[in-house]
Amino acid sequence: MYDAPEDGPTVGAILEICEIEVYGCVASCRNNVCDRSGNCTDGCEDGYWGAACESRCPANCEKRTCDSTNGFCISCKSGYWGNTCNSQCPLHCIETVCDKTNGSCTQGCASGRYGDICNRTCSLWCVGGTCDKQSATCFNGCVQNWAGSQCDGCDSNHYGSSCSLECNRNCENSTCNDTTGLCTLGCKTGFFGDKCDRQCTCCPSGCDRLTGRCNGDCPVGKQSPVPNTENRSSLYVVITVLCISLLLNIFTITWISRNKACKRQDVNEEEKKDTDSISTPGIYDTAEENAGYHELGQLSGPSHYDQLQGPATNK
């Protein structure tokens with residue numbers, strides 16, 4: 001039996017050398033060591049991954065290094081995020097730097113933007129157009145006529161889509177709804193209406209904001225210009241009844257007039273028929289008249305006595 005010298009290579013070393021020489025490890029195996037299947041046993045050189053270190057790490061990995069097992073990047077180049085660094089950071093991130101895991105902007109947003117990925121716009125009415133990245137609060141307040149932490153509404157004295165309309169000065173504290181312009185705190189003394197644009201008459205203590213009816217008693221000889229609700233209801237009922245009555249009268253008169261016209265037309269037609277029958281002689285009437293003339297002719301002819309006497313003789 002052969003005994004290897006004490007200072008010679010061991011059997012294991014000889015086998016390992018044989019495996020390397022027989023199977024041939026790829027160059028990307030660290031230390032150029034692999035098993036008989038070609039899998040790198042000491043891992044991969046930088047820039048490669050896989051069992052046999054046959055795959056390159058993604059191009060956008062920082063220094064192109066990645067996990068040798070799954071190929072995920074340890075970190076990404078600036079402007080990219082994701083496991084394989086194949087997604088670009090949001091455009092409005094400062095210096096386009098974002099978190100590798102979720103893509104949120106880690107250094108804040110460009111001017112005028114807010115949100116985790118800086119995809120939302122600060123209010124146009126923020127002074128300078130800048131706001132807090134998380135809360136959208138305007139750093140420097142609002143431009144004229146606008147109010148709110150995010151400058152998204154009108155101040156108390158203006159209303160309208162651009163907050164350019166002024167509340168009526170007769171509103172209490174000149175305060176109104178920023179959309180409709182209706183006075184929210186009521187009217188100053190002497191005015192009433194939703195926008196306090198109507199003036200009370202002879203009401204020393206002011207009047208009801210909605211009806212204009214004087215508060216308290218009216219001065220001697222004066223009367224509230226606006227009837228109370230009960231009187232107005234009665235007035236509406238009377239007006240309604242009068243309108244219905246008027247319509248009924250018009251209908252009745254029209255019906256009577258049409259009936260009279262129809263009857264008048266029937267009478268005229270009857271009279272016309274009678275006139276036609278009188279003025280046109282009938283055949284029997286003509287015969288009777290001819291008979292009368294015939295008899296008159298017979299009377300005017302020679303008599304029987306004249307015939308018997310004969311012709312006159314000459315003497």
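**View 1. Cys118, a buried cysteine with a positive phi.** At 1% relative accessibility, Cys118 counts as buried, since anything under 20% falls in that class. This is a predicted model, so please read every close-up here with that in mind. Phi of Cys118 is near 55°, a positive value in a residue other than glycine.

**View 2. The largest nonpolar core, with Cys131 as one of its members.** Which residues make up this core? Seven residues do: Tyr114, Cys122, Cys126, Cys131, Ala136, Cys138 and Cys151. In soluble globular proteins, nonpolar side chains tend to be buried together. Take Cys131 and look around: leaving out residues up to four places away in sequence, Cys131 touches Tyr114, Cys122, Cys126, Ala136 and Cys138, among others. Arg113, Thr137 and Phe139 are also on the contact list of Cys131.

**View 3. The disulfide of Cys57 and Cys66.** The structure holds 17 disulfides, and this view picks out the one that joins Cys57 to Cys66, with an S to S distance of 2.0 Å. A disulfide is a covalent bond between the sulfur atoms of two cysteines. Why is this link called left-handed? The torsion about the S-S bond of Cys57 and Cys66 is about -75°, so the disulfide gets that label. Cys57 is buried, at a relative accessible area of 1%, and Cys66 is buried too, at 13%.

View 4. Start with the sulfur atoms of Cys167 and Cys176, which are 1.9 Å apart and form a disulfide. The link is left-handed, with -65° about the S-S bond, and both cysteines are buried. Now move to Thr175, which is found in the loop between strand S10 (165–166) and strand S11 (191–192). Thr175 has a relative accessible area of 14%, under the 20% cut-off, and therefore counts as buried. What does Thr175 touch, not counting residues up to four places away in sequence? Cys167 is one of its contacts, and Ser156, Asn157, Cys183, Thr184 and Leu185 complete the set.

View 5. Cys200 and Cys207 form a disulfide, with their sulfur atoms 1.6 Å apart. The torsion about their S-S bond is about -45°, so this disulfide is left-handed. Both Cys200 and Cys207 are buried, whereas Pro204, at 61% relative accessibility, counts as exposed. Pro204 belongs to the loop between strand S12 (198–199) and helix H2 (229–279). How many residues apart in sequence are Pro204 and Gly190? The answer is 14, and in space the pair is 7.8 Å apart, C-alpha to C-alpha.

View 6. Leu246, Leu247 and Ile250 make a nonpolar surface patch of about 310 Å². Leu246 is found in helix H2. Also shown is Cys243, which is partly exposed, with a relative accessible area of 43%.

**View 7. The whole chain, for orientation.** Stepping back, the chain has four helices and 12 strands. Of its 315 residues, 23% count as buried. The accessible surface of the chain comes to about 22700 Å², and carbon and sulfur atoms account for 53% of that.

Definitions and conventions
Residues are numbered from 1 along each chain as its sequence is written. This is a predicted model: local features need pLDDT of at least 70, side-chain atom pairs count only at pLDDT 80 or more; totals for chains, interfaces and linings use all residues. Side-chain values use heavy atoms; hydrogens and water are left out. Helices (H or I, at least four residues) and strands (E, at least two) are DSSP runs, numbered from the N terminus. Buried means under 20% relative accessible area, exposed over 50%, partly exposed in between (1.4 Å probe, protein chains only). A nonpolar core is a set of buried Ala, Val, Leu, Ile, Met, Phe, Trp, Tyr and Cys residues joined through side-chain atoms within 4.5 Å. Contact means heavy atoms within 4.5 Å. Accessible areas come from the Shrake-Rupley method with a 1.4 Å probe; for residues, only the protein chains shown count as cover. A disulfide is a pair of cysteine sulfur atoms within 2.5 Å. Patches are made of residues with over 30% relative accessible area and no salt bridge: like charges are joined within 9 Å, nonpolar side chains (Val, Leu, Ile, Met, Phe, Trp, Tyr) within 5 Å. A salt bridge is a side-chain nitrogen of Lys or Arg within 4 Å of a carboxyl oxygen of Asp or Glu.
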